[in-house]
Amino acid sequence: MEPVKVGILGLGTVGGGTVNVLIRNAEEIARRAGRGILITHAAAREYDPRAIRGLDNMLVTEDAFEVVDDPAVAIVIELIGGYSPAKELVLRAIANGKHVVTANKALIALHGNEIFSAAQRKGVTVAFEAAVAGGIPIIKAMREGLAANRIEWVAGIINGTGNFILSEMRDKGRAFTEVLAEAQSLGYAEADPTFDVEGIDAAHKLTILGSIAFGIPLQFDRTYIEGITQVEPQDVVHAEVLGYRIKHLGIARKTAQGVELRVHPTLIPERRLIANVDGVMNAVLVKGDAVGPTLYYGAGAGSEPTASAVVADLVDVVRALTTDPENRVPHLAFQPGELSNVPVLPIDEVRTAFYLRLRVVDEPGVMAEIAGILGQARISIEAIQQKEPTREGGEIALILLTRQVREGDMKEAIAKIEQLDSVKGQVVRIRVEHLSG
Ligand code: HSE
């Protein structure tokens, strides 16, 4: 059978890796797909010709629309990232009857509902495994492997750059900006690295995971977002003393009231496997009612790990080229007409435990005042640590771990605590998750 002709948009870190993996493993990939897969047309403004194989056998243009309009191309791989012109290119490829493979989480999280509807009307597939957790086949695992389950919650380290920064800060005491620069030079970071460190990239990915887990439309604008820029080295140390690690987690949970979608720094017990996922590695923990907790681990960013997911999607699309569209795996795991409108909860309605760090004057009665406010709000304290003052009559750091509390109630209690004369500055608060099965 003739090889399938593919167009690719972008020959950067992931694009270059995709071309190289496809060429290096061509024979095995063809045995799996049932046909050869050939990249015949590429669009790229800047690329390193020495780092990419097979360029002589493809037409390379600067105009990405030329590729999506090429009648010979059956599948378009979109790896240019960002919202625009990626959205216009993907919609045009769909309108032209082409299948699409993309690594673009921002595009799927914000415009996925519209893109999937267009694809469904046209009977084509938009595959996006590489959009979440780099090389880990988490979309496939959740959409197909866990199809028997009611998913209860998902918790993941889903930004490699952020995890790399937190790991290097903790293990080697390196400065934030220096580690971020290294992540950029290794091709891990987004074009705008604030997406990594402010939690936006993780929120894009969590939005997608939440939809696949619970069968709800993509709702990026309802996902709660905090990044890692506010994490202070002293909290990393205090957390370790208490037996916890601070990780930037994306959490999606179904409760009786609705769905939680949130990304933020989180204390997790150091004995959990996921607490020991370091560097650029990602991990996603999924709790299904039948299977229990399952853990998926692998490289979350980088050239060939992400290319691994892109090529796996290509193989899936090629295998399904001759199947009826209604017999393909639905984009968001549930049949398009079966998505539910269960509400995404505002963060104030979410219940978690908390780590609090307060700066207080070293005087009798201070702890009683703070405990009184927490008691009135019915917030139970699980552990307290008091750090020695650095000088006579000076201020001390007070570390508290609470039991689960509604976030809105915790905010009110913190506002009252901050008004006490004995409490100096703002109370630092980080959510705590035990992630027990
Ligand atoms: N910037 C992303 C990360 C790339 O660091 O995880 C992979 O999506």
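## A tour of the cavities

Start by selecting Leu22, Ala26, Ile29, Ala30, Arg35, Gly36 and Ile37, which line the second largest cavity. Here a cavity is a set of points, on a 1 Å grid over the protein atoms alone, where a 1.4 Å probe fits but cannot get out, and lining residues have an atom within 4 Å of a point. You are looking at a predicted model, in which local features need pLDDT of at least 70, side-chain atom pairs count only at pLDDT 80 or more, and totals for chains, interfaces and linings use all residues. Residues are numbered from 1 along each chain as its sequence is written, and side-chain values use heavy atoms, without hydrogens and water.

Next, colour helix α2 (residues 26-33), which gives the most to this second lining, with 3 residues. Helices (H or I, at least four residues) and strands (E, at least two) are DSSP runs, numbered from the N terminus. The volume of this cavity is about 40 Å³, a volume being the space filled by probe spheres set on the grid points, which are joined across faces, edges and corners.

Now move to the largest cavity, with about 70 Å³ of space. Select Leu166, Ser167, Arg170, Val236, Glu240, Tyr244, Arg245, Ile246 and Lys247 to see its lining. The elements giving two or more residues to that lining are α7 (160-172), α11 (233-241) and β9 (244-254). Of the elements, β9 gives the most, with 4 residues.

Technical notes: On a 1 Å grid over the protein atoms alone, a cavity is a set of points where a 1.4 Å probe fits but cannot get out, and a pocket is an open set with protein on both sides within 12 Å along at least five of seven lines; lining residues have an atom within 4 Å of a point.
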